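Please keep the sequence and the model in view while reading.

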Amino acid sequence: MTGEWLEPVARVTVLVVLAEALLLRGATRVFIHIPGVDVTSGILGGVVDFARLAFRMAVPLTFVLLLMLVVSMWESSARLVAVLVGAFLAVAAGGRAEALRDTADLILLGLVALVAIVVVVGLEPRWRIPVATWSAAFLMAGLVRLLDQSAADGLRVVSLPWLGGLAETVALAAFVTTPLLLRRLPRRLDLIVGVGVAVFIALALSGAEAQSAAKILGLWNLGWAGGYPVLFYAVAIGALVMTVTALARYRRILAATSLVLMGAAGFGLFSSYQTALLVTGLVLIYTNSEPTETGVADAGRSESHRLTPSPEG
Amino acid sequence: MTGANATMSRRMLVVAVLALAVGLLTQVFALDLAYPQTLSVTVWSSAEDPGVDPDWSGWEAVPSAPVPLTAQQIATPLGGGSTPSLAVQTVHTDGDLVVRVSWSDTTEDNSTARTELFADAVAVQFPADPRSSVPAICMGQADAAVNIWHWRADSQAGAPALPELGDGYVDRYADTSETYYPATASGNPFASDAAVQSLIAGSFGTLTPMDEQTVVGEGRHTGDEWAVVLRRAFAAPSTEHPQFEVGQDIDVAFAVWDGSSDERNGVKSVSQFVRFSISEATIDGQSDSVAAARSLAPNTTVGYIVVGLISGVVLALLLVALIWFGFVIKAFVDND
């Protein structure tokens, strides 16, 4: 039952999350800076209302999808990941209920770290590079927030002012290496889409004001500080889009979905919803990988636990 | 359409309808299933009243939260960013919220007597409606206004005294006459003697002084640092001001202007939204050590363990990626 509904839920979730990220975190925050524009009425008012509704839909969908993945993994004997993700959901709920007010973020990031390492070790070798770097970038950015929080709580554990910049560098490396998730070379159309997106971003952000707005929206919504030239981000996002396009064309929908969800999660701690997006993406990648011959995840893992066959492979 | 595709479409439709229903329900009842993970600054309860004194001895015992700042890069005039961060300390006492912000600044710019001079300043921004679940970033929006407490060094210093002209002029008028101060006479808020103004904004270009000016404050420049204290009663004087209460979490953002760096208007250093968490936990303002605050900091051990664990995992992940990157390079070389 869960397996049959997993892909429909994942497909709807990725569409709604994309709408939320593009409209709520992107468009509406640009609209409000256009002088004289009234975002409370007319077409723009409708867009703003729809963006908020998309957010309200995306949050429960993400948590439901994660819960379904827990059930699927438990049934398919990938129980270590199932337990870790189940704990993540429980702590996220505890944080929402304020039962774990002060420790929820600490425990959640710790669980993300554990999920990441189990997933990375359990992946087929070539996939480890993008997934490990992506996870490391997220954890480093999250660590920056935790260290700031420790100072706010009167504890200066350690000050690492360079960590945020390193997280961004590793994040760019993760994006650029996502084509390693493909089992075949991308086709010409995928390359054209990726290069087209890269060129579009490079041109669109060539103006100082567009670049400035993109930087601050990227920082506030996704944790991108924008420390590198625009070309770096254009190439990185182009590589990611090319990979997603190729995965979708090879009908590896859940793998493509995982990258989109991880991209929408951003890097660092913003909300339990965005952190859940990353975990969902990691788990979807894990469930779509070929099992390894060695590794932590093999303890109870078998071919049968993969939730969808891969026509490409 | 094949049978499998039709089934997939039907299921997606069912999922979408259910998600829409849940989304509408959470919208109507203002339910948030996720919680924000932004920086949370505890507002401690203090038995001793700090007044608006930046040098109050009790501040030493109040943990200081670092808040990163960046240049304002959305609305013209763009720029700023000369102040990389500020430190925030907060207490509440006798039903008043007291916020102390401090930041490095080697120059004390407290005069705007000439057109090329700009003053140091700081602003603290709250959503006018503290329950707003989607933060109204920047200067708010039409349906989610923000309340801004704006302290300016030049307002605190007051207008410079005019030079004494002596008796050398026949029929000389008194310098204090409003005739010489048209801004004051016309009610220009920038000509006010108050160091702090409470403002409201519903988007860029809509910044307006509140009718009720209930925020007080004082700044002090010592050596290479500004420290400014802002204070207001919990009770909101009107619906356009946020109401505070113990147990409440409220979004808050900051901005700093460095006059020596020609920062004014939109040219400033701004923060992301962080949260004030107004706590019942008390901090002993009489205490002579920071240990009092540290003993209140929650879950110290858990914090150390998790931070250590995450650091280890990050290193492990990077190592795994690096090793496999080496293998991939080797495979390419071997294939050649």
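What percentage of the 313 residues in chain A do buried residues make up? Buried residues make up 55% of them, where buried means that 20 or more other C-beta atoms, placed from the backbone, lie within 10 Å of the residue's own. This is a predicted model, in which local features need pLDDT of at least 70 and side-chain atom pairs count only at pLDDT 80 or more, while totals for chains, interfaces and linings use all residues. Residues are numbered from 1 along each chain as its sequence is written, and chains are lettered from A and ligands numbered from 1 in the order in which they are written.

**Chain A as a whole**

- Chain A contains 11 helices and zero strands; helices (H or I, at least four residues) and strands (E, at least two) are DSSP runs numbered from the N terminus.
- Of the contacts in chain A with a separation of 6 or more, 73% join residues 24 or more positions apart; two residues are in contact if their C-beta atoms, placed from the backbone, lie within 7 Å.

**Helices H5 and H6 of chain A**

- The axes of helix H5 (residues 128-152) of chain A and helix H6 (residues 163-176) of chain A come within 8 Å and cross at roughly 160°. That angle makes H5(A) roughly antiparallel to H6(A), a label for angles over 145 degrees. Axes are lines fitted to C-alpha atoms, for helices over the stretch in contact, and angles run from 0 to 180 degrees between N-to-C directions.
- H5(A) and H6(A) have a left-handed crossing, meaning that the near helix is turned anticlockwise from the far one by less than a right angle.
- Residues of H5(A) including A:Trp134, A:Met140 and A:Val144 meet residues of H6(A), among them A:Leu163, A:Leu166 and A:Val170. By class, this contact of H5(A) with H6(A) has 15 nonpolar, two polar and no charged residues. Ala, Val, Leu, Ile, Met, Phe, Trp, Tyr, Cys and Pro count as nonpolar, Asp, Glu, Lys and Arg as charged, and the others, Gly among them, as polar.
- Among the buried residues of H6(A) are A:Glu168, A:Leu172 and A:Phe175. The buried residues of H6(A) pack against H5 and helix H9 (230-249) of chain A.
- At 1.5 Å a residue, the 14 residues of H6(A) should span 20 Å, which agrees with the 20 Å between its end C-alpha atoms. The expected span of a helix is 1.5 Å times one less than its number of residues.

**Helices H3 and H4 of chain A**

- Helix H3 (residues 79-96) of chain A and helix H4 (residues 104-122) of chain A pack at about 160°, with their axes 10 Å apart. H3(A) is therefore roughly antiparallel to H4(A).
- The crossing of H3(A) and H4(A) is left-handed.
- A:Leu84, A:Phe88 and A:Val91 are among the residues of H3(A) that meet H4(A), whose side includes A:Ile107, A:Leu111 and A:Val115. The contact of H3(A) with H4(A) has 16 nonpolar, two polar and no charged residues.

**Residues with positive phi**

- A:Ser77, which follows H2(A), has a positive phi near 70°.
- A:Arg251 is not a glycine, yet its phi is positive, near 65°. A:Arg251 lies in the loop between H9 and helix H10 (253-265) of chain A.
- B:Asp262, likewise not a glycine, has a positive phi of about 60°. B:Asp262 is in the loop between strand S12 (249-257) and strand S13 (269-270) of chain B.

How values were computed: Parallel < 35°, antiparallel > 145°, perpendicular 65-115°, else oblique. Buried ≥ 20, exposed ≤ 12 C-beta atoms within 10 Å, placed from the backbone.
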